[in-house]
Structures are given as C-alpha cells and as structure tokens.
Amino acid sequence: VMGVIGALKGLAKAGKKIGNLPDPIPVYHASPNKIEGAFRPSKRDVGIHFAGNPDLATNAAVKSFINDFDSAENVKPYKFSINASPDQIADIPSAGNRFNFYDILEGLVSSKKINDETFNEIYDGLESIEQSGDYYDEIMEAQNNYFAKKLSKENNIKVLKYFNDFDAGPTWKDMESGIFESGVKPDYSYMVLDPDVIGEAGIE
C-alpha cells in the first residue's frame, strides 16, 4: 500500500495526471535563489503566488525587489503545477499588486463561493488577529494561516485565480535601462492557499 501511495505522490509532484483528477495547471514562480523545499505562506501578501507564464512571473518578482537591484538582476522563473479541481479554484476580481483579505472575502461572497455566515466568521477572525498587537509580519503570517485554514479545509477553496494586469509591461528595472515598452502580456495568476496542491516541475 505504501508503495502505491508513494508512486501517486511522485506522479503529483511531477505534474502528471492521476486517475480522474483534472490535468495539472502549469504555473511559474520566479526567484533569485533556487527554490527548494516546501512553500510557506507569505508574511507580506495573501497566499503563495504563481503566474500563468514565465515572463509574467519574472516581472512580478522583479517588481517585488524594487529596493534590491542585485536580487532583481538574478531572478529566474521556475515551473510548477497546481493540482486542484475546478471547484477548488475561485476567481476573484483583481488586476494584481498587493492583496487585501477583506477585499477577497467581498469578492467570494459576491460570487457566492462562500455564504454570509462564512464571510462574517472569517472577517471577524481576521480582525481579531489584526488587533492582537503583534508585529506586522507576525500578524500577516497568522492571518494567512487562519484564512487558508478556513477557506481551504472548511470550504474546499484551495486556490484563488485572477487576471494579472499589474505585473505586465515594463518593470522599474526595464525603465532604468531605457526600455519603456515590453512584450510581457497580462495573464492569469494564482494565489495558492493549500501548499499540498503544488507540484514541482523544475526550472523553465
């Protein structure tokens, strides 16, 4: 039995389709450092972010290193997969940039992905954490963990999907080099709430 389970996990990590599960979604996450080990929720933003193509992922990473030119210079896109069924992926009305837990909740209740009772429960829980008096990064980490638990484990929403216009076009690094037009187009991006649905596929 353990051998079968191990083989299934291996297929998932490699981005292979298993049985009747949907095809994995190819996604990209860019970093100046080799990505090793499990992903952890961010202390600066909601969820774990991936882009639908490598150029958009690279742009997103460069923009996040606005005060760190050396890191921005060394950014590389890495390819992963998202192994989630369509009902576990919720669309949200956003163009990108930084995300707000409360705005996401508004979008989810408007699209009827969650009901009013769930909205109120999660909203109050987030506010309670925010008023705890901890440092910003500690508050963000606690809110991320709470948000993911409520949506992923209790409401089966494991991924948030949006059309990312913000990270398209030239970056600050491009403009410093005199490049004011870019072929990087908007595409879908994803915020993963449950790291278990991420399958690694290697460097792009």
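Q: Why is Asn156 called partly exposed?
A: The structure is a predicted model, in which local features need pLDDT of at least 70 and side-chain atom pairs count only at pLDDT 80 or more, while totals for chains, interfaces and linings use all residues. Buried means under 20% relative accessible area, exposed over 50%, and partly exposed in between (1.4 Å probe, protein chains only); Asn156 has a relative accessible area of 30%, and is therefore partly exposed. Residues are numbered from 1 along each chain as its sequence is written, and side-chain values use heavy atoms, with hydrogens and water left out.

Q: What makes Lys112 exposed or buried?
A: The relative accessible area of Lys112 is 71%, so this residue counts as exposed.

Q: What is said of the phi of Lys112?
A: Lys112 is not a glycine, yet its phi is positive, at about 65°. Most residues other than glycine have a negative phi.

Q: How do you know whether Ser189 is buried or exposed?
A: The relative accessibility of Ser189 is 1%, and therefore Ser189 counts as buried.

Q: What makes the pair Ser189 and Asn164 a polar contact?
A: A polar contact is a pair of N or O atoms within 3.5 Å; within protein, one must be able to donate a hydrogen and the other to accept it, and residues adjacent in sequence count only if both atoms are side-chain atoms. The side chains of Ser189 and Asn164 are joined by such a contact of 3.1 Å.
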